[in-house]
Amino acid sequence: MQAKKRYLILFSAGACLILLFYFGGVHVPTSRRNSNRRDDRNGYHPSLWPHFSDPLQPFIPWDQTETEDDNIHISPRQKRDVNSGVYKGKRCRMESCFDFSLCKKNSFKVYVYPQQKGEKISESYQNILSSIEGSRFYTSDPGQACLFVLNLDTLDRDQLSPQYVHNLKSKIQNLNLWNNGRNHLIFNLYSGTWPDYTEDLGFDIGQAMLAKASISTENFRPGFDVSIPLFSKEHPRTGGERGYLKYNTIPPFRKYMLVFKGKRYLTGIGSDTRNALYHVHNSEDVVLLTTCKHGKDWQKHKDSRCDKDNAEYDKYDYKEMLHNSTFCLVPRGRRLGSFRFLEALQAACVPVMLSNGWELPFSEIIDWSTAAVIGDERLLLQIPSTVRSIHQDKILSLRQQTQFLWEAYFSSVQKIVLTTLEIIQDRVLQHMARSSLMWNNLPGGLFTLPLYSTYLGDFPFFYAALGIKPYPKFTAVIHAVTPLVSQSQPILKLLAAVAKSQYCAQIIVLWNCDKPLPAKHRWPATSVPVIVIEGDSKVMSSRFLPYDTIVTDAVLSLDEDTVLSTTEVDFAFTVWQSFPERIVGYPARSHFWDANKERWGYTSKWTNDYSMVLTGAAFYHRYYNYLYTNYLPTSLKSMVDQLSNCEDILMNYLVSAVTKMPPIKITQKKQYKETMMGQTSRASRWADPDHFAQRQTCMNKFASWFGTMPLVHSQMRLDPVLFKDQVSILRKKYRDIERL
């Protein structure tokens with residue numbers, strides 16, 4: 001029996017070999033020489049060690065290569081389709097389709113093509129262009145540009161849309177700087193049209209980068225394209241409304257657990273998920289409403305559920321649902337993106353994503369697992385149980401992160417555009433790119449400039465996360481604008497008092513006076529170095545320049561006529577060490593909304609309420625000098641320099657915009673105001689009759705640029721321990737403050 005099995009196996013093996021030889025599946029080489037000749041004839045070469053002496057071939061982008069072998073297998077029609085496809089450069093990456101040499105000359109600058117006569121531009125695209133032109137990246141010289149943005153409206157590429165721009169292909173090809181799209185950025189919100197809504201833009205983008213909404217992971221080119229959110233034409237250009245989470249509700253549950261209200265598509269792409277939502281809707285804590293009552297001929301296609309759905313749809317107010325739900329469903333529509341996404345973020349309603357294959361906005365930098373629930377369209381029935389299983393601590397964390405992301409990156413067109421440009425800049429300047437911690441934590445990547453530093457410990461916002469403290473010394477910067485004619489002048493008394501502080505490392509006198517510098521012997525002898533810097537331009541903004549001589553984290557900004565004692569300086573610095581990201585100081589001011597004049601007002605009345613601490617006597621982190629100089633537009637700084645006023649207001653706007661918090665006011669001697677107002681110096685701003693009117697104007701000009709009022713009111717004042725308490729003066733550390 002065993003012998004028969006062996007014979008059967010041998011017979012089967014032999015039959016298989018015969019069949020393989022017959023059909024050509026196995027080739028037996030006759031000799032090495034014949035083998036090599038056949039290999040050469042077939043275009044195949046066996047693997048050999050590389051010849052390092054061979055010259056390197058010049059680099060040719062992959063999408064420009066073309067061989068005879070490729071043409072053999074591609075028909076003319078296929079080649080036309082490839083050449084006209086939107087993703088001809090689907091394999092493009094920064095290394096292959098971006099010219100880094102253009103960015104080495106003038107760093108990262110962006111050029112916008114000048115608008116041509118007769119070309120229509122939508123309001124949304126005009127907002128995008130205005131945001132770029134108003135940013136620090138903009139240049140009007142194409143020779144200095146690293147990145148180019150079209151003046152042709154590419155936002156809406158739906159051929160059925162009234163915003164669709166015809167003949168875009170030929171118009172782009174005629175641009176003299178196009179260069180097959182290299183170093184170009186194209187913005188797009190809508191692509192494709194009914195019925196399939198593909199991602200085709202209708203023209204060849206070449207090697208250009210896409211900043212696109214509703215982009216799929218299949219077509220998204222990682223590290224090259226940028227996924228942006230879908231936003232409406234009503235989306236504000238600057239500023240934008242704050243998030244709706246005014247205070248943290250504990251526990252963080254709301255009236256509804258999960259809500260959605262939107263269109264239901266009866267046929268075509270995007271209809272499957274929304275058509276199935278009624279299976280989950282329970283009219284109690286899960287309210288998912290759809291309507292098929294949209295479009296001109298909706299009644300021709302309505303199904304048996306339309307009437308019932310429409311009636312249920314009309315019972316609920318969308319905003320009431322949005323503001324009273326813990327989770328908001330964000331299913332795909334005709335395209336992958338949806339307006340519901342940004343609406344949910346602003347409302348602190350945790351987005352539950354149901355759009356398989358959507359590359360989420362700014363996914364390169366944002367960790368969406370900390371602000372959203374990523375669902376699967378195929379597992380719709382599991383969504384309610386999934387969101388109910390999320391712990392309340394996690395829900396609170398998710399809601400807080402939605403507010404941060406909304407205000408940092410999505411609340412205005414300007415922030416969306418600037419985030420896009422900052423992402424590309426990080427790719428270009430990889431050695432100075434922001435870390436994920438910078439992007440996903442307050443104050444966000446837009447206010448954390450990597451050109452200042454890439455070390456988190458150099459920024460005041462990350463001390464607590466890193467478990468470190470600021471340097472325990474400060475640098476005093478005294479702004480001098482009047483000549484030194486007497487040894488009894490306030491600036492000399494101020495210099496002596498500050499120098500006696502145990503925390504003072506050095507004193508810098510910024511000489512912005514028209515008179516020559518005083519001789520060295522005119523300055524009093526102190527225990528700390530005194531450095532006199534003569535301002536080149538002698539303008540008001542120069543007091544906030546990031547001077548290299550400032551080596552400490554803390555800066556004590558002082559006007560030359562400020563009157564402070566050593567004790568007051570010591571206590572103020574001690575307080576600042578606990579709030580290094582804020583302005584901490586003495587003279588406080590406030591803002592208010594004047595309903596009659598419909599503008600912001602400025603007041604110097606001494607009340608319990610304040611929103612600004614003037615930089616005539618205040619501590620702040622030196623990073624704000626860099627931010628003031630490099631983040632704020634030239635127009636605002638020029639206004640300050642022309643008026644010789646409002647620089648302290650602008651600094652308060654900036655710091656409050658970054659921190660979303662008010663400054664810190666500390667104990668102040670009662671006679672401070674009278675002392676300041678009593679100064680008779682000719683150059684004193686307090687004696688200028690136009691001083692107050694100018695500051696009113698500044699308030700509104702600054703608010704217009706920020707797009708909102710960043711200042712935050714506060715009624716908190718920090719006093720020394722036992723301040724004014726009826727105990728022995730010997731038990732008080734800062735006893736001299738009470739005597740002033």
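**Close-up views of salt bridges and helix packing**

The count of salt bridges in this predicted model comes to 22, a salt bridge being a side-chain nitrogen of Lys or Arg within 4 Å of a carboxyl oxygen of Asp or Glu. Because the model is predicted, local features need pLDDT of at least 70 and side-chain atom pairs count only at pLDDT 80 or more, while totals for chains, interfaces and linings use all residues. Residues are numbered from 1 along each chain as its sequence is written, and side-chain values use heavy atoms, with hydrogens and water left out.

**View 1. The buried residues of helix 11 and what covers them.** Helix 11 (residues 306-313) has Cys 306, Asp 309, Asn 310, Glu 312 and Tyr 313 as its buried residues, where buried means under 20% relative accessible area, exposed over 50% and partly exposed in between (1.4 Å probe, protein chains only). These residues cover an arc of only 165° around the axis, which puts them on the same side of helix 11; the arc is that of the directions from the helix axis to the C-beta atoms. Their cover includes strand 8 (256-263), strand 9 (286-291) and helix 10 (298-301). Helices (H or I, at least four residues) and strands (E, at least two) are DSSP runs, numbered from the N terminus.

**View 2. The salt bridge between Arg 264 and Asp 309.** The closest N and O atoms of Arg 264 and Asp 309 are 3.2 Å apart. Arg 264 lies in the loop between strand 8 and helix 9 (271-275) and Asp 309 in helix 11, so the pair ties together parts that are 45 residues apart in sequence. Both Arg 264 and Asp 309 are buried.

**View 3. The salt bridge between Asp 285 and Arg 388.** Here the closest N and O atoms are 2.7 Å apart. The pair links distant parts of the chain, with Asp 285 in the loop between helix 9 and strand 9 and Arg 388 in helix 14 (residues 383-388), 103 residues apart. Arg 388 counts as partly exposed, at 42% relative accessibility.

**View 4. The crossing of helix 23 and helix 25.** The axes of helix 23 (residues 647-659) and helix 25 (residues 691-706) come within 10 Å and cross at roughly 30°, the axes being lines fitted to C-alpha atoms, for helices over the stretch in contact, with angles running from 0 to 180 degrees between N-to-C directions. Helix 23 and helix 25 are therefore roughly parallel to each other, since angles under 35 degrees count as roughly parallel, over 145 as roughly antiparallel, 65 to 115 as roughly perpendicular and the rest as oblique. Residues in contact (heavy atoms within 4.5 Å) include Tyr 653 of helix 23 and Phe 702 of helix 25.

How values were computed: A crossing is left-handed if the near helix is turned anticlockwise from the far one by less than a right angle, and right-handed if clockwise.
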